[in-house]
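Please consult the sequence and the structure shown below while reading.

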Amino acid sequence: MSPFTGSTPRTPKWQHIRFTVDDTGVGTVTLARPDRLNALTFGAYADLRDLLAELSREKSVRALVLAGEGRGFCSGGDVDEIIGATLAMDTSRLLDFNRMTGQVVRAVRECPFPVIAAVHGVAAGAGAVLALAADFRIADPSARFSFLFTKVGLSGGDMGAAYLLPRVVGLGHATRLLMLGEPVRAPEAERIGLISELTDEGRTDERAAELARHLAEGPALAYAQTKALLTAELDMPLATAIELDAATQALLMHGEDYAEFHAAFTEKRPPKWQGR
């Protein structure tokens with residue numbers, strides 16, 4: 001994503017999500033509608049899309065945690081505020097809305113820093129896809145994922161789910177999860193690879209923060225390029241992927257972090273990563 005900005009100022013306050021960043025470069029986005037199990041609204045989707053774009057341009061965040069307040073991670077789109085409203089929309093407006101939700105997933109996948117979903121309780125519908133789009137999914141035993149789109153009469157392939165899920169859990173599991181919309185509880189989610197790490201009860205946020213700090217202290221540019229290659233090479237032939245790997249490594253070998261590793265190794269000290 002381009003770091004260049006035009007006339008639009010930085011957003012001083014996000015109205016539909018809570019965002020904080022600490023002095024180590026770890027940002028935290030909290031879905032904060034606990035009375036509605038953090039159901040997403042039009043404004044929340046738009047804020048997530050725009051925040052990720054701003055953070056990608058500013059490069060002020062080195063790792064981002066996506067969490068939910070209260071009893072669950074995210075129950076998906078708000079039934080009253082979104083489903084009820086979309087029934088009155090014409091095709092053009094519906095296309096605008098569905099493109100916006102997809103832009104959030106693209107922003108999660110394309111932002112140049114790792115995104116960690118801290119999942120407890122329900123992650124349903126759009127909430128399940130947001131977690132799926134993250135680079136890491138840290139979950140505790142209460143977590144349950146449900147791709148509910150067919151349950152409301154829509155395609156299971158919403159927000160890129162039919163693209164991402166087979167690549168995470170395989171086509172067979174993805175077909176079952178997207179067709180039937182049945183909940184996948186933490187033990188099975190871990191077994192099929194939907195969860196990156198299963199924590200003890202109640203430790204999800206703590207462990208996600210630990211991982212975020214570890215990543216924030218690491219070689220940010222190397223992480224950014226690894227993430228970009230993981231996404232870009234999903235649909236490439238092997239020869240094309242290897243050539244892209246070679247070009248990327250050649251560029252990174254001119255970077256300060258690569259030289260810093262050699263200096264640190266020679267001087268027998270930990271490297272001081274600059275992300276350059």
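Which residues have the most contacts inside the largest nonpolar core? In this predicted model, they are Phe145 and Phe147, in a core of 57 residues. The points below begin with the cores, continue with the sheet, and end with cavities and pockets.

**Nonpolar cores**

- Phenylalanine 147, one of the two residues with the most contacts inside the largest nonpolar core, touches Gly125, Ala128, Val129, Leu132, Leu165, Leu177, Leu178, Gly181 and Leu194, with residues up to four places away in sequence not counted.
- Another core, of 12 residues, lies apart from the largest one, and Val26, Val65, Ile138 and Ala216 are among its members.
- In general, nonpolar side chains in soluble globular proteins tend to be buried together.

**The sheet**

- Six strands form an open sheet in the order β1-β2-β3-β4-β6-β9, and the pairing is mixed.
- The edge strands are β1 (18-21) and β9, each of which pairs on one side only.
- Strand β3 (residues 63-68) pairs with β4 in the parallel sense over four bridges. Within this pair, leucine 64 has valine 115 of β4 as its bridge partner, and leucine 66 stands opposite alanine 117.
- On the other pairing, strand β4 (residues 115-119) and strand β6 (residues 136-139) are also joined in the parallel sense, over four bridges. Here alanine 117 stands opposite arginine 137, while valine 119 has alanine 139 of β6 as its bridge partner.
- Strand β9 (residues 197-198) pairs with β6 in the parallel sense over two bridges; the bridge partner of isoleucine 138 in β9 is glutamate 197. Isoleucine 138 also belongs to the core of 12 residues.

**Strand β4**

- Why is β4 largely enclosed by the rest of the structure? Five of its five residues are buried, so the strand is largely enclosed; buried here means under 20% relative accessible area.
- Side chains in a regular strand alternate between the two faces of the sheet. In β4, Val115, Ala117 and Val119 point one way, Ile116 and Ala118 point the other way, and all are buried.

**Cavities**

- Rolling a probe the size of a water molecule over the atoms shows where empty space is left. A search of the whole structure finds two cavities of 30 Å³ or more.
- The largest cavity has a volume of about 70 Å³. Its lining consists of Val29, Leu48, Leu51, Leu52, Leu64, Leu66, Val104, Val108, Val115 and Leu130.
- By class, that lining has 10 nonpolar residues, no polar residues and no charged residues.
- At least two lining residues of the largest cavity come from each of α1 (42-58), β3 and α3, and α1 gives the most, with three.
- Leu64 and Val115 both line the largest cavity, and these two residues are also bridge partners between β3 and β4.
- The second largest cavity has a volume of about 50 Å³ and is lined by His16, Ile17, Leu31, Ala32, Arg33, Asn38, Ala39, Leu40 and Ala44. This lining divides into six nonpolar, two polar and one charged residues.

**Pockets**

- The largest pocket has a volume of about 640 Å³. Of the 26 residues lining it, Ile83, Phe149, Val152, Leu154 and Asp158 lie nearest its centre.
- Helices α2 (79-86) and α3 (91-110) each supply at least two residues of the lining of the largest pocket, which by class has 15 nonpolar, nine polar and two charged residues.
- The second largest pocket has a volume of about 500 Å³ and is lined by 22 residues, with Lys59, Pro112, Phe113, Ala220 and Ala224 nearest its centre.
- Which helix supplies the largest share of the lining of the second largest pocket? Nine residues come from α9, the largest share; α3 and α9 (220-232) each supply at least two.
- The lining of the second largest pocket has 13 nonpolar, four polar and five charged residues.

Notes
Residues numbered from 1 in each chain as written. Predicted model: local features only at pLDDT ≥ 70, side-chain atom pairs only at ≥ 80, totals over all residues. Heavy atoms only, no water. 1 Å grid on protein atoms, 1.4 Å probe; cavity = no way out; pocket = protein on both sides within 12 Å on 5 of 7 lines; lining within 4 Å. Points joined across faces, edges and corners; volume = space filled by probe spheres on them. Nonpolar A, V, L, I, M, F, W, Y, C, P; charged D, E, K, R; others polar. Pairing = 2+ DSSP bridges. Core = buried A, V, L, I, M, F, W, Y, C linked by side-chain atoms within 4.5 Å. Buried < 20%, exposed > 50% of the residue type's maximum accessible area, 1.4 Å probe, protein only. Contact = heavy atoms within 4.5 Å.
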